[in-house]
Amino acid sequence: MRQDIWDAETAERYDTPGTGMFAPEVVGPAVARLAALAGGGRALEFAIGTGRIAVPLAERGVPVTGIELSEPMLDRLRPKAAIPVVVGDMATARAEGRFSLVYLVYNTISNLLTQDEQVACFRNAARHLDPGGRFVIELGVPELRRLPPGQDAVVFRADNGYVGVDTYDTVRQHLVSHHFTFGDGRQARVGRSSHRYIWPAELDLMGRLAGFELESRHADWTGAEFTTASESHVSVYRLG
């Protein structure tokens, strides 16, 4: 997983308490579901970031530990809460103790750019879990059906002052998200992030290789039905 893209500037733009992906209506359902899945046990967040989910989850009484590669992201987390964090890659780093829940939100597993790394992430989750523990992944569904014939790019969002474009390499299952932000001037700021997209069935096979079985899959944190039209999913795997 690349560390260089998660620099101080990225961490500052990412951390928007109370708005965007940090808005209560976004965070609340995720925290409520994760608290229920923890079942009174300890939780480990892979790629804890600036604490968008971990901080409110800890405030609900769930003991939370994190693994995070980016020091700039952790610099924004530490003033918020005294959550123990191991600095390292979520595919290999180890936290002390055992957990009833490991979770990975907001497409973060796709930041691992090879299938081997993604399988290693499942196996790392299994190493941390008690028997019967759960590994929860929130992940988007690849939007290849939106690609026009002969094209390799899709505009996924276009708002006032922002345009987002995904470019696809369908041979390697890679995509690059390009983020263009601009104001009234002639210059735009461009940010990019690379991902390896995963089909749900492939994700399930990764789980089985690590000793997991799919327990449930929904379209969102509120439990909406997952269908062919769903743009993302929340998948819960139980360790056998």
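Start by selecting V141, P142, E143, L144, R145, R146, W199, T228, A229, S230 and E231, the residues that line the second largest pocket of this predicted model. The space inside that pocket comes to about 160 Å³. Coloured by residue class, its lining shows 5 nonpolar, 2 polar and 4 charged residues.

Next, colour the chain by domain. Domain 1 covers 6-141 + 197-237, and domain 2 covers 142-191. With these colours on, return to the pocket: the second largest pocket lies between the two domains, because domain 1 and domain 2 both give residues to its lining.

Then select the residues in contact, taking heavy atoms within 4.5 Å as the cut-off. This selection takes in 12 residues from domain 1 and 11 residues from domain 2.

Stay with the interface and turn to its area. Between them, domain 1 and domain 2 bury about 1,000 Å², and 52% of that area is on carbon and sulfur atoms. Which three residues supply more than any other three of the area that domain 1 buries against domain 2? Select V141, Y197 and W199: they account for 61% of it. V141 and W199 were also in the opening selection, as part of the pocket lining.

Keep the side of domain 1 that touches domain 2 on display and colour it by residue class. It divides into 6 nonpolar, 2 polar and 4 charged residues.

For the last stop, show side chains and polar atoms on both sides of the interface. How many salt bridges are found across the interface of domain 1 and domain 2? The count is 0. Polar contacts are found there, however: 5 residue pairs across this interface qualify, with both residues of each pair at pLDDT 80 or more.

Conventions
Residues numbered from 1 in each chain as written. Predicted model: local features only at pLDDT ≥ 70, side-chain atom pairs only at ≥ 80, totals over all residues. Heavy atoms only, no water. Domains from an automatic or database assignment. Buried area = accessible area lost by both parts, 1.4 Å probe. Salt bridge = Lys/Arg side-chain N within 4 Å of Asp/Glu carboxyl O. Polar contact = N/O pair within 3.5 Å; in protein donor to acceptor, adjacent residues only side chain to side chain. Nonpolar A, V, L, I, M, F, W, Y, C, P; charged D, E, K, R; others polar. 1 Å grid on protein atoms, 1.4 Å probe; cavity = no way out; pocket = protein on both sides within 12 Å on 5 of 7 lines; lining within 4 Å. Points joined across faces, edges and corners; volume = space filled by probe spheres on them.
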